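Look at the model first, then read on.

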Amino acid sequence: MAAADFSQQQQLHVLYSNHHGWLQGWLRHKLGNAFDAADLAQDTFVSVLTGGGAPQIREARPFLATVARRLVAHRYRRQVLEEAYLAALACLPPAVAPAPEERLLALEALQEIDAALDGLPFPVRTAFLLAQLEGLSYAEIAARLDVSASSVKQYLTRANRHVFFALPA
């Protein structure tokens, strides 16, 4: 093991040892659930480890809280998406409802699309969703967003390109 790798591993160990308990308590207070707090605390440190940012951290607690807040937001958004999908499925007649495997694949695809759209500005993401989910025309989207049809065309081009490159092949 190289000296730099060992040093980074030591820094992460010290970061974890010194702040894991605090982070888990902070998350438990925010979430009101010890189990979710424990999971998100672990996810936070995994994110720091995989991001390689441990050596550059100056203020550990604000940094960890920022990473944890982002993970909480992602978890909440996934939960809302899953609940909406399951509610839509509940409206289907049993004969038309997809099999459990198909449900899981569809939910995973929705989560991948949601993650892909996450980096887009609000009007670009909204234009994409209006076009894909509601089937609106450029003119209809332009009216909803109070922009020109040419702006909608640019938004959709940008969103389609972004989603295409963000999703796994």
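The axes of H2 and H3 come within 9 Å and cross at roughly 115°. Axes are lines fitted to C-alpha atoms, for helices over the stretch in contact, with angles from 0 to 180 degrees between N-to-C directions. Helices are DSSP runs (H or I, at least four residues), numbered from the N terminus. Among the H2 residues that meet H3 are Leu40, Phe45 and Val48. Contact means heavy atoms within 4.5 Å. By class, this contact has 9 nonpolar, 2 polar and 5 charged residues.

This is a predicted model: local features need pLDDT of at least 70, side-chain atom pairs pLDDT 80 or more, while totals for chains, interfaces and linings use all residues. Residues are numbered from 1 along each chain, and side-chain values use heavy atoms, without hydrogens and water.

Next, the aromatic pairs. The whole structure has 3 of them. Rings of Phe, Tyr and Trp (its six-membered ring) pair if their centres lie within 6.5 Å; planes under 30 degrees apart are stacked, over 60 edge-to-face, the rest tilted. Two of the pairs are tabulated.

| Pair | Centre distance | Plane angle |
|---|---|---|
| Tyr16 and Phe45 | 4.8 Å | 65° |
| Phe164 and Phe165 | 5.0 Å | 80° |

Tyr16 lies in helix H1 and Phe45 in helix H2, 29 residues apart. Phe45 is buried, at 6% relative accessibility. Tyr16 is partly exposed, at 32%. Both Phe164 and Phe165 are exposed. Buried means under 20% relative accessible area, exposed over 50%, partly exposed in between (1.4 Å probe, protein chains only).

Note on methods. Helices (H or I, at least four residues) and strands (E, at least two) are DSSP runs, numbered from the N terminus. Ala, Val, Leu, Ile, Met, Phe, Trp, Tyr, Cys and Pro count as nonpolar, Asp, Glu, Lys and Arg as charged, and the others, Gly among them, as polar.
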